[in-house]
Amino acid sequence: MNISAPFIRRPVATTLLTVAIALAGTIAFEVLPVAPLPEVDFPTISVSASLPGASANIMASSVATPLERQFGHIAGVTEMTSSSTLGSTSINIQFDLSRDIDGAARDVESAINAARTYLPANLPGNPSYRKVNPADAPIMILGLTSDKYGPDKLYDEGSTVIEQKLSQIQGVGQVSVGGGALQSMLSLQNSNLAKGQVTDGDVTADILANDQISHAADYKPLVVGYHNDAAVHLSDVADVTDSVANIRAGGYLNNKRAVTVIIFRQPGANIINTVDRIRAQLPYIEASIPLGMNVTIVLDRTTTIRASVSDVERTLLISIGLVIVVVFLFLRNARATLIPAVAVPVSLIGTCTVMYMFGYSIDNLSLMALTISTGFVVDDAIVVMENIARHLEAGMEPFAAALRGAQEIGFTVFTISISLVAVFIPLLLMGGIVGRLFREFAVTLSTAIFVSMIISLTTTPMMCAYWLKNERGQKHGRMYMAGERFFDGVLSLYRRTLHWVLDHPALTLIVLFLTIALNVVLIIKIPKGFFPPEDTGALAGAVQGPQDSSFAVMNTAIQQIGAVIKSDPAIENVIGFSGGATNTGSFFVALKPLAERKVTAFQIIDRLRPKLSRLPVSSTFLQAVQDLRIGGRASNATYQYTIQADNVDDLSKWGPILLREMKRLPGLQDVSADQQNGGLAELMSYDRVTAAKLGQTAQSLDSALYSAFGQSQVSIIYTQLNQYYVVLEVAPQYWQSPEGLKDIYLQSSGGSIPLLTMAKGQSNTTPLAVNHTGLFPSVTVSFNLASNVSLSQATASINDMQKRLGAPSTLQGFFAGTLQAYQQSLGTEPILILTALLAVYIVLGILYESLVHPLTIISTLPSASVGAMLALMLTGQDLNIISIIGIVLLIGIVKKNAIMMIDFALEAERGEGKSPYDSIFEACMLRFRPILMTTMAALLGALPLALGTGTGYELRRPLGITIVGGLILSQMLTLYTTPVVYLAFDRLRLRMQGKKQSVFGRRARPSPSAAD
């Protein structure tokens, strides 16, 4: 049966089919969304609640714990972490990847409602929740600054005007405004109640009133009481100002007071198109805000995405060019070279149609799949064309040569393609984060191979029939003849060495077994990692000061740190935030384009680290922002190790010990813990008996303290566009020292009563932050790795340290976030490779109707994995997820050589009655040229990835190095090991049949049967 015959005989139909595939792919490519990585929606919900002035302990016990108990009943929760600080609680709930996020959100809402009766009565509002994606970074950050207006007005315009207008732009998802707080006004007389209507039966009129006072100046004349028959106005006893709801928070852009607008995209939206639409709307947005306010683009995430995608596309074009050059060098015929030059781009662009149908995007992984596939898709065209060219050289006419050559090679092409797709079956079925990420990669690559098979069995033989010419007897130029002599010399050398190897099979088999053993040794010894750290053009920073630091001290420290960071020539913009926990702050740093700064984000961090360490007061921890983030807990560094206990006392003892020991471990840097239990506190001891005599209760004492020191939100002013809090607290001179407690009075029927007649204050300590993992208290130590340390080395050191510590059984230690995913991947990677091998074996066994020949083909793989791991070690790379995928790809690439040999050998042995020795020897000679061509094409297709230095190269380089290293070593070995293993299995078959004839050596007699 000749599948290609109808297409060869109908060149017009075949041409139109090819054009249709290319046209559909071109249209799909234009509309595919662009992203840094495949879209992986982690079903994660963030719940937040605030109670201004409440301590971390109160927030943890009265807010976090009731909510966590209800959330614990929800099905599918894989991780729940919470962090409670002064006045706020944040709970992150991560669900199983198979859980529907909308259904999870409904369950969370029900749990919040169920917990409401257990929450504090003075909680300003219900806890809020929102669906988040930890892996989705902001696409753009805007900074709002002004020399004319204060932060209250900046925030008002940011939340009222800018946020609303941005939210209406197509592709924009969440927009959040930070760095300020809601504008507030102090008032004791404020209402916004319904007042009804008046009607006489014919006419109806609403009753309105001036019960809303909108400006602080209008509150000053309000009468709050009388003294000596004289009215006491609010301005007599208080400062009434337009300010912010939380005066202990601040934001800075390049050390200038600012408000930030952080923009996220909608799921599936094209990042580049969305950012372009935002940029187009910015002039209109700026026209909508008062003059004197400046909008600055602090970060444009698409800068690095555009550069990265552009680099990959450039790499793809280089790979296509190199592959075509390889074909030309081997064929030395421009007309013949044009055939694979058509097959490769059509196969790649046709793949985009399927990508669009599956909802995929143009991202680093899908473009990387297309780049790697250049070496795959050209193989089929090369194999078909080379076989047809062989018949042309034998004197056949092009049409007849195309028919016969395509018929002979059709099953081989089909076998190669199907077995290659089988390699990716385990990737398609993988669960978890790795499976979600690389499913798009596997489908894209499998589609390219499938389209390539169709083109190679239709368009390629048709073009050969009408495009190639019989050049037998024609004179060729010097270059052609020089190339022919060179190839004849290489083939002659291979012929002589192959004879020697086949005459000494034992030595070759020993080399094969040593290669298998070397695989085991290298797998144990090679440093291992998870996902290559990327330079995305942005840094995130965390600041941690002494636990007794005031907001004023930390606010000054934030400005000092921001000045140091901004002084680096590679920095574009610096955003700093102070507030939250009193001794913490944060930074977001936008870097200049890589082509301009010439150094990586990690080198910038290394040179900033000593400068920042010399600053007084605070410690600063910088890390490069990653496209892939795992885990819901924010930390000061990339990797996390958590200890958990049933009681806080164990954590108080062992948390500092763990931090101290991890700081001593070599290779770890930026080590810090989220345990902060040494903050200063003024413990008030109530005299309940005295309070009762004076008509007071513990609740009224708490309320008085909260009104004085807690920035109590006592009312809300409503406007057409926004709402504003009315905040009450004592003047700053009273809350700056515990001495202010002496001036706090409570009202009773007998007059004013000093607070300290009913309470005594005592200095004490209190936690500044309380963290939970699940329902239990926890301490998380975060750290970064030195440049020469791998994740496997770091985790081994931490495990050894944990054993040395001798912590009690009530204390549990485990890796969290990225490290947890890394440990899980260590268990799935061997299964992935073994499953790929099993899939290939089953498919080949079905195609060859044999249990033995698939083993011969698989025997080519150990040398490829050895070459890959040696290349990784020589270039200083670790064995990570990307390089494991490269090894899986090598399974598909390397087995092609064996398939081409064995297909021809079986046909010669079964159809022509040749001996196994003669069959495999002739197969090696005839397939030597296409094997070299396909291997060189695959190698040069991956070479630009291995040598790339542009934006995003960190992700692509391990894949290129793995494939190049594996191909170089496997090419040298499998040309000899495959025929030896083929003959060894044939001898085993004969011995099992009771025959003792030799199959090795040049005088081996023809085999009487070659059924297997």
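This is a predicted model: local features need pLDDT of at least 70, side-chain atom pairs count only at pLDDT 80 or more; totals for chains, interfaces and linings use all residues.

**Entry 1: two helices side by side**

I found that α24 and α27 are roughly parallel to each other (an angle under 35 degrees), because helix α24 (residues 818-848) and helix α27 (residues 881-911) pack at about 15 degrees. Their axes, lines fitted to C-alpha atoms over the stretch in contact, with angles from 0 to 180 degrees between N-to-C directions, lie 11 Å apart. Helices here are DSSP runs (H or I, at least four residues), numbered from the N terminus. I noted that α24 passes α27 in a right-handed crossing (the near helix is turned clockwise from the far one by less than a right angle; anticlockwise is left-handed). The contact (heavy atoms within 4.5 Å) includes Leu832 and Val840 of α24 and Ile884 and Ile891 of α27. I sorted its residues into 15 nonpolar, one polar and four charged (Ala, Val, Leu, Ile, Met, Phe, Trp, Tyr, Cys and Pro are nonpolar, Asp, Glu, Lys and Arg charged, the others, Gly among them, polar).

Residues are numbered from 1 along each chain as its sequence is written, and side-chain values use heavy atoms, with hydrogens and water left out. Mean pLDDT (the predictor's confidence in each residue, from 0 to 100) is 83 for the protein chain, and 94% of its residues reach 70 or more. I marked residues 181-188, where pLDDT is below 50.

**Entry 2: another pair**

Helix α15 (residues 505-525) packs on α26 (residues 861-874) at about 35 degrees, in a left-handed crossing.

Technical notes. Angles under 35 degrees count as roughly parallel, over 145 as roughly antiparallel, 65 to 115 as roughly perpendicular and the rest as oblique.
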